[in-house]
Amino acid sequence: MSQPSLRVISGLPYLKERLAELYAARRNGQAEQFAAGFAEDGFMRLVADSRLVPEAGPFRGRAAIAKGVRQLFQRYEYVDGLVVDVVAEFDLAVIRRQLTLRSAVTGAVADFDVADFVRFRNGEIVELVQFMDTASLAVLAGRI
């Protein structure tokens, strides 16, 4: 007796497409377009000591996310980036990236490994929590 075939239909390609749009907006300095990828009650933060990285958030709601991302754009210029891995399942994604930033204050350039943990609801981001070496980010900005 043969095994029945199993056909699985998922929204994973859609989630990856949404993430690509999100990172393109961030890369291009489009804070409002970046924030538009979030649900109205969406949440974003960088896991960091706010004394060293005051622009880490948390930010709740599209307007606050756009404002917070604009502050990040003003302080850290995107030089280069690469999405290394995306692991996604239904409404969750983990993205590992490499990022090169330049400080607007010091002019110094540094490379970072970043992990983004993203949760979706109905195709919109409800939560984005980012992990990176925030002590090195504070050094880059001349805070340490």
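Visitor: What is the relative accessible area of Arg 102, and how do I read it?
Guide: Arg 102 has a relative accessible area of 30%. Buried means under 20% and exposed over 50%, so Arg 102 counts as partly exposed. Keep in mind that this is a predicted model.

Visitor: Which side chain does Arg 102 meet in a salt bridge?
Guide: The general idea comes first. Side chains of opposite charge can pair when their charged atoms come close. Here the partner is Glu 77, at 3.1 Å from N to O. The pair links distant parts of the chain. Glu 77 sits in strand β3, residues 76-89. Arg 102 sits in strand β4, residues 92-103.

Visitor: Are Arg 97 and Asp 116 buried or exposed?
Guide: Both are buried. They form a salt bridge, with the closest N and O atoms 2.9 Å apart. Arg 97 lies in strand β4 and Asp 116 in strand β5, so this pair ties together parts 19 residues apart in sequence.

Visitor: How many salt bridges are there by this rule?
Guide: The count comes to eleven. Another one joins Glu 55 and Arg 75, at 3.4 Å from N to O. Glu 55 is in the loop between β1 (38-46) and β2 (59-60). Arg 75 belongs to helix α3, residues 62-75. That puts them 20 residues apart. Their accessibilities need separate reading. Glu 55 is buried at 1%, whereas Arg 75 is partly exposed at 31%.

Visitor: Which residues do salt bridges with shared partners join into one network?
Guide: Glu 40, Arg 62 and Glu 124.

Visitor: Now the rings. How many aromatic pairs does a search of the whole structure find?
Guide: Two. In one, Phe 34 and Phe 38 have ring centres 5.5 Å apart and planes at 55°. Planes under 30 degrees apart count as stacked and over 60 as edge-to-face, so this pair is tilted. Phe 34 is buried at 0% relative accessibility. Phe 38 is buried, also with a value of 0%.

Visitor: What is the angle between the planes of Phe 117 and Phe 131?
Guide: It is 80°, with 5.5 Å centre to centre, and the pair is edge-to-face. Phe 117 lies in strand β5 (residues 109-121) and Phe 131 in strand β6 (residues 124-131), so the pair ties together parts 14 residues apart in sequence. Phe 117 is partly exposed at 38%. Phe 131 is partly exposed at 39%.

Definitions and conventions: Residues numbered from 1 in each chain as written. Predicted model: local features only at pLDDT ≥ 70, side-chain atom pairs only at ≥ 80, totals over all residues. Heavy atoms only, no water. Phe/Tyr/Trp six-rings, centres within 6.5 Å; stacked < 30°, edge-to-face > 60°. Buried < 20%, exposed > 50% of the residue type's maximum accessible area, 1.4 Å probe, protein only. Helix = DSSP H or I, 4+ residues; strand = E, 2+ residues; numbered from the N terminus. Salt bridge = Lys/Arg side-chain N within 4 Å of Asp/Glu carboxyl O.
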